[in-house]
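Have a look at the model first.

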Amino acid sequence: MASDLSKYRNIGIFAHVDAGKTTTTERILKLTGKIHKTGEVHEGESTMDFMDQEAERGITIQSAATTCAWKGHRLNVIDTPGHVDFTIEVYRSLKVLDGGIGVFCGSGGVEPQSETNWRYANESEVSRLIYVNKLDRMGADFYRVVKQVEDVLAATPLVMVLPIGIEDEFKGVVDLLTRKAWYWPDEKDPENYSIEEPPAEMADQIEEWREKLVETAVEQDDDLMEKYLEGEEPSVDDLKKCIRKGTLELAFFPTYCGSSFKNKGLQLILDAVVDYLPDPTQVDPQPEVDLEGNETGKVATVDINGPLRALAFKIMDDRFGALTFVRIYSGEVRKGDTILNTFTGKTERVGRMVEMHANDRNELDYAHAGDIIAIVGMKDTQTGHTLCDPKNAATLEPMVFPDPVISIAIAPKDKGAAEKLGIALGKMIKEDPSFRVETDQDSGETIMKGMGELHLDIKVDILKRTHNVDVVVGEPQVAYRETITQRVEDSYTHKKQSGGSGQFGRIDYIIEPGEPGSGFTFESTVTGGTVPREFWPAVEGGFKKMMNKGVLAGFPLLDVKVNLFDGAFHAVDSSAIAFELAAMGGYRQSIPKAGPQLLEPIMKVDVFTPEDNVGDVIGDLNRRRGMIKSQDAGATGVRIKADVPLSEMFGYIGSLRTMTSGRGQFSMEFLQYSPCPRNVSDEVIKEVKEREADKK
């Protein structure tokens, strides 16, 4: 084990669907000597995508982690999914990475999903390189993509290489630092290349771009900048130092190009990973929080001699049992150690540790700060849990997962599958925190909830293939919410006399709409002890319990503020339970008077369409009650951003493909809950009532 952390690089490769991210990872593994026969995604046999669904859909669902070496450095590579329904995976991977490579398609450019991933990476402050792939494709244009990175992502690309030729003529790249051309004559063999003088006709272009590169880089060092302004050319080594500093500070992003499929351009990217991306000690350390979730002011500095701090960032079930992928931030862990999970408060013993290569593994006895490893057979650990030294406990900042916005009911096809279904769902929930499952109390149906149609489609698929459970799938249901629009002042008395001690509690309260996003807030302004202080939590609890079921159609109630201002109690007959029941009665009595209203989830939709179809796409979004926010014409088409109710977006991908002859793309993410128009609200309430009646 190399334990010199300056020789470690933990990197992720992230991109839009079909930008060639998995192929790029494949080629990196081949170059670094990890694979002998390269898998092809479009033949459905790449090494990183080992789930059946991935091989078939040609998309990466799980971010597999693998370790390889380049020029004496150890690279831990995490391949992340690009599809919007799996951004949770991207988010999780970003938390444990130190640097990244953003892959863009040479013809598609900066697509909607790459923008979301880029924003996530900005929020996580991850340094990254940009790699413009697929320059051998029709319509590829390196310079256009560079401009899109500036315009769409508002980022500063630092162009490090220029392409020689384009589309069918793409032969190699010019390294601007050394002014040398790299050629790869055999597209099957990346290691067969030559370094020569660049084509004479590119001389002016090379000087123009090299000047831009040097001017941007020397801004990182005042002395060099002064010398440069006085006409002194900085050395390549000095430039590299400046580029490294600027990359670590996110001032710019070194930008490369090539064709992974044709094995051209990858060595320079690997060199850049080593030269410019941070080692684990150069990244802002993870803040530690205490067991209540308050920041302690301490941070988990990457240090082999520190106390053990590790984050479980992915759970995966494979043919060898449950694997918990762990990034170790500080300290070390040995086989047989006992470690504490601060979320569950339980300790677990480290039985076996492995280092992953896609789905092969090497057994380890020891791992330390900076490593990404998998632990086999952990019982209660879930994604986002912190593992630490039981004698020196702390929690790393917990990961926050968005609430699901769409649900479907599923039922096993036959009686025998019911038990298998329960076990399978249990495993799937562990693997993906954005996926939830609950049982409808009234109907006994199993409800799956997730981040979008594709997300749930794939879950049904996994049930079928991985777990051999066939299910019948119901119509997708939207997660509506309810709220109130008016202030109501009211009073409710709960009293019950039944021999012996009775129950008595009276509350006077105000119910009013809360701030959007506030959920449920409660305050008591009772004075003079008319409702003793010890009963206030019971009143709050009673109202809170009822918030799960609104009065219109039984959806959870949001953004309500309750103020308890007066009441009465009886010395003998009053109890916490009496006041809790009073609050529950008050809720049923007053919410219907408070102008209840249905809220629906609104999605932020980002559509990419060829120019000829813009009118159709906008007309269609308007019919779906969408609010068009912006439209930007790019070189390859138009991007339309709109806010659209989720209920109107079912099956959208089909309509979009029909309207755009298969060229349109879209991504969507949850934005907010907004009031439903009257006609929609009436329709939803009617449907819910009918479903209730059917169940009876």
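F104, W118 and F253 come together as one aromatic cluster. Keep in mind that this is a predicted model: local features need pLDDT of at least 70, side-chain atom pairs count only at pLDDT 80 or more, and totals for chains, interfaces and linings use all residues. Numbering runs from 1 along each chain as its sequence is written, and side-chain values use heavy atoms, with hydrogens and water left out.

**Charges over rings**
- R128 lies over the face of W118, 4.3 Å from the ring centre; a charge sits over a ring if NZ of Lys or CZ of Arg is within 6 Å of the ring centre and within 35 degrees of the ring normal.
- W209 has the charged end of K212 over its ring, 3.8 Å from the centre.

**Ring pairs**
- There are 11 aromatic pairs in the structure (Phe, Tyr and Trp rings, the last by its six-membered ring, with centres within 6.5 Å; planes under 30 degrees apart are stacked, over 60 edge-to-face, the rest tilted).
- One of them is the tilted pair Y143 and W209, at 5.6 Å centre to centre with 35° between the planes.
- Y143 belongs to helix α5 (residues 142-152) and W209 to helix α6 (residues 203-218), so this pair ties together parts 66 residues apart in sequence (helices are DSSP runs of H or I, at least four residues, numbered from the N terminus).
- W182 and W184 have ring centres 6.0 Å apart and planes at 25°, so they count as stacked.

**Burial**
- Y143 is partly exposed at 27% relative accessible area, while W209 is buried at 13% (buried is under 20%, exposed over 50%, partly exposed in between, with a 1.4 Å probe and protein chains only).
- W182 is buried at 10%, and W184 is buried at 2%.

Conventions: Helix = DSSP H or I, 4+ residues; strand = E, 2+ residues; numbered from the N terminus.
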